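Here are my notes on the model, as numbered points. Please read them with the structure open beside you.

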Amino acid sequence: MVRVNFVPLSKIDTSTGECAKLDCDTGSYTLHRHHRKHQAIWLGIWAGRRNGEKKFSLFVTRYHEFNPKDWTRLCASHHAEIHLIYDGIIRRDQWFTRRSLSQYSWVQAEKLMMKLEAVCVDWLKKKTPGSSTEALTKLRSKRKAASSKWRKT
Ligand SMILES: [Zn+2]
Ligand SMILES: [Zn+2]
């Protein structure tokens with residue numbers, strides 16, 4: 001049975017800086033390093049399944065490097081907002097592919113990652129209010145429950 005791990009939000013950024021979002025005024029001062037392609041989902045989903053693959057091990061290494069090319073600094077509130085947007089995009093993508101994420105090919109995963117990054121880059125240029133982190137936690141636990149139910153059938 002495939003277990004989907006919902007990897008927690010990126011580690012808190014201990015360096016100085018500010019939220020990259022246009023005119024951020026959420027008042028949230030906790031900064032996160034956000035991987036724009038949301039690589040973390042594949043780390044959890046493919047662990048075990050792709051562990052022997054060179055491509056996957058390079059992918060995992062690159063993720064943990066927190067390469068400045070891969071991430072954007074966001075406040076906790078905007079970080080929650082972009083992940084809520086991502087959740088909708090991922091759901092739509094799965095609707096089109098008719099696959100669970102664990103069944104995605106590299107090509108499908110890479111396409112989805114490109115899509116997420118493009119949406120993020122676009123979103124960064126707009127002023128939005130941010131979301132509560134509780135809304136994201138709630139949605140994730142709901143998805144987790146739904147996906148384990150689905151997997152049993
Ligand atoms: Zn993130
Ligand atoms: Zn912000």
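Which residue in S2 is the bridge partner of His34? Point 2 gives the answer.

1. Basis. This is a predicted model, in which local features need pLDDT of at least 70 and side-chain atom pairs count only at pLDDT 80 or more, while totals for chains, interfaces and linings use all residues. Residues are numbered from 1 along each chain as its sequence is written, and chains are lettered from A and ligands numbered from 1 in the order in which they are written. Helices (H or I, at least four residues) and strands (E, at least two) are DSSP runs, numbered from the N terminus.

2. The strand pair. The bridge partner of His34 is Thr72, in S2. Strands S1 and S2 run antiparallel to each other and pair over five bridges; pairing requires that DSSP finds at least two bridges between two strands.

3. Burial of S1. A residue is buried if 20 or more other C-beta atoms lie within 10 Å of its own, exposed if 12 or fewer, and partly exposed in between, with C-beta atoms placed from the backbone. Five of the five residues of S1 are buried, so the strand is largely enclosed by the rest of the structure. In a regular strand the side chains alternate between the two faces of the sheet. In S1, Leu31, Arg33 and His35 are buried on one side, and His32 and His34 are buried on the other.

4. Helix H4. This helix covers residues 106–124, and its 19 residues should span 27 Å at 1.5 Å a residue; the end C-alpha atoms are 27 Å apart, which agrees. The expected span is 1.5 Å times one less than the number of residues. Leu112, Leu116 and Cys120 are the buried residues of H4. They cover an arc of only 75° around the axis, which puts them on the same side of H4; the arc is that of the directions from the helix axis to the C-beta atoms. An α-helix has 3.6 residues a turn, so residues three or four places apart point the same way. On the other side of H4, the exposed residues are Val107, Met114, Ala118, Val121 and Asp122.

5. What H4 packs against. The buried residues of H4 pack against helix H3, residues 76–97. Leaving aside neighbours within four places in sequence, Cys120 is in contact (C-beta atoms, placed from the backbone, within 7 Å) with Arg36 and Ile82.

6. The core. A nonpolar core is a set of buried Ala, Val, Leu, Ile, Met, Phe, Trp, Tyr and Cys residues joined through C-beta atoms within 7 Å. The largest one has twelve residues, including Cys19, Leu31, Ile82, Leu112 and Cys120. Strand S2, H3 and H4 each supply at least two residues of this core, and H3 gives the most, with four.

7. Two positive phi angles. His38 has phi near 50°, a positive value in a residue other than glycine. Arg98, also not a glycine, has a positive phi of about 55°. His38 counts as buried, with 21 C-beta neighbours inside 10 Å, whereas Arg98 counts as exposed, with 7. Their places are the loop between S1 and H1 for His38 and the loop between H3 and H4 for Arg98.

8. Confidence. The pLDDT is the predictor's confidence in each residue, from 0 to 100. Its mean over the protein chain is 85, and 84% of the residues reach 70 or more. Among the elements, H5 has the lowest mean pLDDT (70) and H4 the highest (98). Over residues 1–9 the pLDDT is below 50. Where pLDDT is low, the predicted coordinates should not be read in detail.

Methods
Two residues are in contact if their C-beta atoms, placed from the backbone, lie within 7 Å.
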